[in-house]
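Hello,

Here is the structure to be handed over. My notes on what was found follow below it.

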Amino acid sequence: MEASQPFHRGFTRHGFYGAMSTATNSGQRRPSKALQRLRDMRRTTLARRIVQLGFAVFILVTAFKHQSEEASGAASVDALCPFGAVETLLTWMTTGTLITKIHTSNLVLGLAVLIAILLAGNAFCGWICPLGTVQDWLWKAARALHLPQWRPAERTDRVLRQGRFVVLGLVMLMSYFSGQLWFADYDPYVTIFGLRWLFEWNEVIAIAVGITTLVLLGSLFVERLWCRYLCPLGAVFTVLGRFSFLRIRRNAEVCTDCELCDKPCPVGITVSKADPAVHPDCVGCLDCVAACPVKGALTVGPPVAVAALLNNSDQRTR
Amino acid sequence: MKKKTRWLLPLLWVAVIFGTVGVTQAMGLWQTSGRDPVVASQLTTADIKGWMTVQQVADGLGIDTAVVLEAVGDPSNTVTASTALKDIEPIVPDFSVVDLRTALDERLSGTASPTDEPT
């Protein structure tokens, strides 16, 4: 390599990057493809952080108003969670009523989430969920502190992921038989963002804070621990995500199997093995798409047959 | 398909969520609270909610607060007429709004428990 071309070798969370710039014939430096990709990844992450922060701040402000000003009319965090629709589902289907603390807002959000996931796959976890936001920031802190990471073996990981379905089943049954929002006493989202601990303290809240602390501590050593192994809403998304129209898909003909897409995945999906759609555990963060160095290898699109049909009709009209 | 199509995922999500909420708000279907005003003697036990106080429950059902307090079953007498039902759970173990509805149903329909029958 010529001395005039600076060369940086490094390996970040987003993968290997080579020359930062290349000299053009006029002597000006233009960003290399690697640098362009790095910028693309940062742009994607920044956009996601902004959206995540927006939703988290909105929820926090609403919860603070709900707790501090009874007459404010501000919604509770329970009323703003789409999982409430799942929790009340059995009661609603069998009796036509809702369990305590659940309102029509939950049903509306549940419907919105259902439409969105069937249309566009799961971006809720990666872009909207406030608990996901907290876990992302904790992971960022963990990496800055160089804390050890625990990556379970594939078989162990597969078994642990079933924990979400166990929690889902338990929550649905307990909500049905008790007629109450049973999970609210254990849900880290409600504990953190409901802010009850800020205004009162009792045994119930202490237990909830204890559970939440354990989950957050675990998130320092396993990226998105709650999402991977315990989130009941994630379990619902895993089932529904299989039927999404738009999904992240891998074009095996173009893919070079560099596996750069595997590194940034926050939920440990082997994106490089997607055949062609990524695993339905995907949280839609788009870090893999941004990290992919090959144009067209990883894209967001409809099923292959539909894409082929669209391409054919596109060519005919030209 | 161009790489920029990946933004469809988050954009569609935000659009669907805000769109659905907006439409239901416009239709008057968006409700985040069950706090309707309590009208005296107009409630049924099914209308009892956790945010209501003991006094509101009594007023709504048209009964004395002592009846409601008895149904709550607080041996320490810490619960008062101004205590919200949602705040009773930490005070009275095993208390639930659902059980209160059942207990008040029995009292109002006259099917008292055997221990309440005169000897």
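**Notes on the structure**

B:Asp94 lies in the loop that joins helix 3 and helix 4 of chain B (helices, H or I, of at least four residues, and strands, E, of at least two, are DSSP runs numbered from the N terminus). Its phi is positive, near 70°, and the residue is not a glycine. B:Asp94 is exposed, with a relative accessible area of 74% (exposed means over 50%, buried under 20%, partly exposed in between, with a 1.4 Å probe and protein chains only). B:Asn77 is found in the loop between helix 3 (65-72) and helix 4 of chain B. B:Asn77 also has a positive phi, of about 55°, and is exposed at 65% relative accessible area. Most residues other than glycine have a negative phi, and most peptide bonds are trans.

This is a predicted model: local features need pLDDT of at least 70, side-chain atom pairs count only at pLDDT 80 or more, and totals for chains, interfaces and linings use all residues. Residues are numbered from 1 along each chain as its sequence is written, chains are lettered from A and ligands numbered from 1 in the order in which they are written, and side-chain values use heavy atoms, with hydrogens and water left out.

In chain A, the peptide bond from A:Asp275 to A:Pro276 is cis, with omega near -15°. A:Pro276 sits in the loop between strand 5 (247-250) and helix 14 (287-291) of chain A.

Next, the interface. The contact takes 43 residues from chain A and 30 residues from chain B, where contact means heavy atoms within 4.5 Å. About 3,200 Å² is buried between the two chains, 72% of it from carbon and sulfur atoms; buried area is the accessible area (1.4 Å probe) lost when two parts are put together, summed over both. The rule finds one salt bridge across the interface, a side-chain nitrogen of Lys or Arg within 4 Å of a carboxyl oxygen of Asp or Glu. A:Asp40 forms a salt bridge with B:Arg6, their closest N and O atoms being 2.7 Å apart. Helix 1 of chain B gives the largest share of the side of chain B that touches chain A, 12 residues.

Last, the packing. The largest nonpolar core has 73 residues, and B:Trp13 and A:Tyr189 are among those that touch the most other members. Such a core is a set of buried Ala, Val, Leu, Ile, Met, Phe, Trp, Tyr and Cys residues joined through side-chain atoms within 4.5 Å. Helix 4 (residues 104-120) of chain A supplies the largest share of this core, six residues.

Regards
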